[in-house]
Amino acid sequence: MVEDCVEKRFWAKVNVTDNEKDCWEFTGATAENGYGNINVDGKTTSAHRYCFFLCYGYFPVQNVNHTCDNSLCCNPLHLYDGTPKENSDDMVNRGRSTRGFIYKFYRGSARWAAKLTEEDIPKIRRMLACGYTLEYIGKVFGVSAVSISNIKRGKTWKYLARELVRKPRRAQ
Ligand SMILES: [Zn+2]
């Protein structure tokens, strides 16, 4: 539960707008190097780096770079893996399965209709357990609050209910 809530703490400190072109600035503590700081499992991590992990599913070997040159920006669409190509292929492959999340985030913020996939359901259940509102989760995944409510009540995706008791994070 405590571990789950890092996500909530993080997004609460990001000024997310409805426009994917805007910089979503981190409003929490900043380090001397100008990057935001977030405490994850007792370790201080750069906010934009953690954001990259949340949205793309892996930590780059080297830097997470900004296309916008705004060091506080946590808009996942402005972040990219700055690891030289020869070192990054393996990580990219590992991250590929979760890459769809970013498109859902963008589509959600643009209020387009999206379809949920099996991979989304454990994420949604974790966010529910963490106390996110139905509206917020719906926005992130680009679906209605009613769809999220149906998942919560087990009306849809019942066969994935066991995911709920799984450990939320992969081993680091
Ligand atoms: Zn930006």
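This is a predicted model: local features need pLDDT of at least 70, side-chain atom pairs count only at pLDDT 80 or more; totals for chains, interfaces and linings use all residues.
Residues are numbered from 1 along each chain as its sequence is written.

**View 1. The crossing of helices H6 and H7.** Helices (H or I, at least four residues) and strands (E, at least two) are DSSP runs, numbered from the N terminus. The axes of H6 and H7 come within 8 Å and cross at roughly 110 degrees; axes are lines fitted to C-alpha atoms, for helices over the stretch in contact, and angles run from 0 to 180 degrees between N-to-C directions. H6 and H7 are therefore roughly perpendicular to each other (angles under 35 degrees count as roughly parallel, over 145 as roughly antiparallel, 65 to 115 as roughly perpendicular and the rest as oblique).

**View 2. The buried face of helix H7.** Ser147, Ile148 and Ile151 are the buried residues of H7 (residues 145-152). A residue is buried if 20 or more other C-beta atoms lie within 10 Å of its own, exposed if 12 or fewer, and partly exposed in between, with C-beta atoms placed from the backbone. Seen down the axis of H7, its buried residues fall within an arc of 100 degrees, so they line one face of the helix; the arc is that of the directions from the helix axis to the C-beta atoms. Their cover includes helix H5 (120-129) and helix H6 (134-141). After H7 comes Gly154, with a positive phi near 75 degrees.

**View 3. Helix H5 and its cover.** The buried residues in H5 are Asp120, Lys123, Ile124, Arg125, Arg126 and Met127. H6 and H7 are included in what covers them. Gly131, which follows H5, has a positive phi near 95 degrees.

**View 4. Two nonpolar cores.** A nonpolar core is a set of buried Ala, Val, Leu, Ile, Met, Phe, Trp, Tyr and Cys residues joined through C-beta atoms within 7 Å. The largest has 16 residues, and those with the most contacts inside it are Val14, Ala47, Tyr50, Cys51, Phe52 and Cys74. Helix H2 (residues 47-56) gives the most to this core, with six residues. A second, separate core of nine residues includes Ile124, Tyr132, Ile137 and Ile151. Leaving aside neighbours within four places in sequence, Cys51 is in contact with Cys74, Pro76 and Leu79 (contact requires C-beta atoms, placed from the backbone, within 7 Å).

View 5. Strand E1 (residues 37-40) pairs with strand E2 (residues 43-46) in the antiparallel sense over four bridges; two strands pair if DSSP finds at least two bridges between them. Lys43 in E2 is the bridge partner of Val40. Two residues lie between the strands of this hairpin, where Asp41 takes a positive phi near 50 degrees. Thr44, in strand E2, is exposed, with 11 other C-beta atoms within 10 Å. Leaving aside its neighbours within four places in sequence, Thr44 is in contact with Asn37 and Asn39.

**View 6. Asp69 in its loop.** Asp69 is placed in the loop between strand E3 (64-66) and strand E4 (79-81). Although Asp69 is not a glycine, its phi is positive, at about 60 degrees. Asp69 is exposed, with 9 other C-beta atoms within 10 Å.

Note on methods
Two residues are in contact if their C-beta atoms, placed from the backbone, lie within 7 Å.
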